[in-house]
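Please look through the structure below.

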Amino acid sequence: MASNLLKGTMILTVGLLLSRILGVLYVIPFYQIIGEEYIALYQYAYTPYSIMLAIAVSGVPVAVSKFVSKYNALGDYATGRKLMKSSMLLMSITGFLGFLILFFLADPIAHMIIKDDEAAFSLNDVASVIKYVSFAVIVVPLMSLIRGFFQGYQHMTPTAVSQLWEQIVRILFVLAGGFFVVYILNGTEKTAISFAVFAAFLGALASLGVLYWYWKKLKPEFDLKLNDSGSPRSDVSLKNIYKEILIYTVPFALVGVINPLFQFIDMITFNRAMSSIGISGDISNTLLGMLNYSTHKLVMIPVMLATGFSMALIPFITSYYAKQDFVQVRKSLDQSFQILLFLTVPAAMGIAVLSGDFYHLFYETSKTGSTVLAHYAPVAILFALYPVTTAILQGIDRQKLIILNLLLGILTKLLLNTPLIKAFETDGAILATACGYLVAIGLNMFAIRKTLHYKSTMVIRRSILILIVNAFMLTIVFVIKLGLENLFVIDSKMEALLVIMVCASIGAVFYGYITLRLGLAQKLFGEKITRFTKKLGFKEK
């Protein structure tokens, strides 16, 4: 099981990593095309869009994969196929309705985001970009259904590849459209942003094409399992199928909305709170763009591992929980938490230590931007832990607790955001986000412990060991960074890249060597890495 979970996670993680890298790298030329002051307008479109997607479809891949995995484990392949066939039209209708809602609510949403007298953008500017991005909602529900079906059969590659192609096509149109509007047609940056957000629709179409290709390729395998099961027809009614799917979907629809909803809370409170302490609209708009777009792009890089884990983990936990195999369930939790922290902590803290160089490389030299990134980066660890803890609760049928814990986390963010922004400005919004996630994660872990009687001292010990090794590694990285800054002035993107590459390489080598010498990496990643490291002279502890 461990090797299959790790394999599925790695497939999703590699696809998500490549997609995330592209999603970060494209901001370098895009930032140069539209400029810092227009970043907030771009984010004004994507945050409502992300919320709509989360409400409409974010739970669909997880719910469908859980449903299909459950019935496949019971030898009932027909029920999963029945769900797939009956849901194609339903998801298409859902997508079109979601598009209509977002399109026609663009003006009221714009009124919620900005005040009439704000100088940076007009209400029409904000409403227009929301309308352009709404077209993508038409395609995404159907795409999510197909991804979930593949994951239920533990085929993670179609999801990873389709996500990668979706990102590639979207970025090509974002950059090409922006360049054409600004430099060829001599249009405005606002028009370029309209083209850029519409590219989400084109990327979704490309992803759907990739999934169709995989469907044609894997259908014979699905048909063979269906025929060999001896039950080619399902006895489960459509009413019961959709009732079960709805129970699975609602919690994860809310889980998917937590990050964009936290951003939306910032959007409707940040400018007003900053204005109340005497900071102008132009400055607060720029700071909001840094928080919700520029730094957020970088902070989310380590989080892609958690997304891969949560998507790969649910079918396994569901399968073992359905068989009442609690030993395997607990082993899955042990492995997931340890590997997640092993990889996420150094990535998040490394970005914090090298925040100035990262911000310079991707955007420009900015003391404010690098400070926001340094303070925001550690929150990525919480962003990574949350989807994994909710995936576990989903796998053991604790959907109601997911909803309750999520709402309490959101309520914490909402109550703390304005007073903390007034007290600490941008850091206040970051602190409110961290508090909201801590509340939700803490409650999730409490529920997991009570339900599964889960308490692993081994995970605690190894987590402490990971933190200690990271402390030494980050100290070395910081000293090297200071040494490089004393050798030469970092005033170009290539020099910033050089600092990142040197520091990250030395840090990774140190981290890898120490964890291999301690035997930690071998215990987490299994037999394959153990066989490899034995050849290098490392013995398993």
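Helix α17 (residues 380–395) has 16 residues and reaches 23 Å from its first C-alpha to its last, close to the 22 Å expected at 1.5 Å a residue, where the expected span is 1.5 Å times one less than the number of residues. Helices here are DSSP runs of H or I with at least four residues, numbered from the N terminus. After α17 comes D397, with a positive phi near 60°.

This is a predicted model, in which local features need pLDDT of at least 70, side-chain atom pairs count only at pLDDT 80 or more, and totals for chains, interfaces and linings use all residues. Residues are numbered from 1 along each chain as its sequence is written, and side-chain values use heavy atoms, with hydrogens and water left out.

The structure has 33 aromatic pairs. Rings of Phe, Tyr and Trp (its six-membered ring) pair if their centres lie within 6.5 Å; planes under 30 degrees apart count as stacked, over 60 as edge-to-face and the rest as tilted. F96 and F99 form a tilted pair, 5.9 Å centre to centre with 45° between the planes. About one helical turn separates F96 and F99, because they are three residues apart in helix α5 (residues 77–104). F96 is partly exposed because its relative accessibility is 43%, whereas F99, at 10%, counts as buried. The pair F358 and F362 is stacked, because the ring centres are 6.4 Å apart and the planes at 5°.

Technical notes
Helices (H or I, at least four residues) and strands (E, at least two) are DSSP runs, numbered from the N terminus. Buried means under 20% relative accessible area, exposed over 50%, partly exposed in between (1.4 Å probe, protein chains only).
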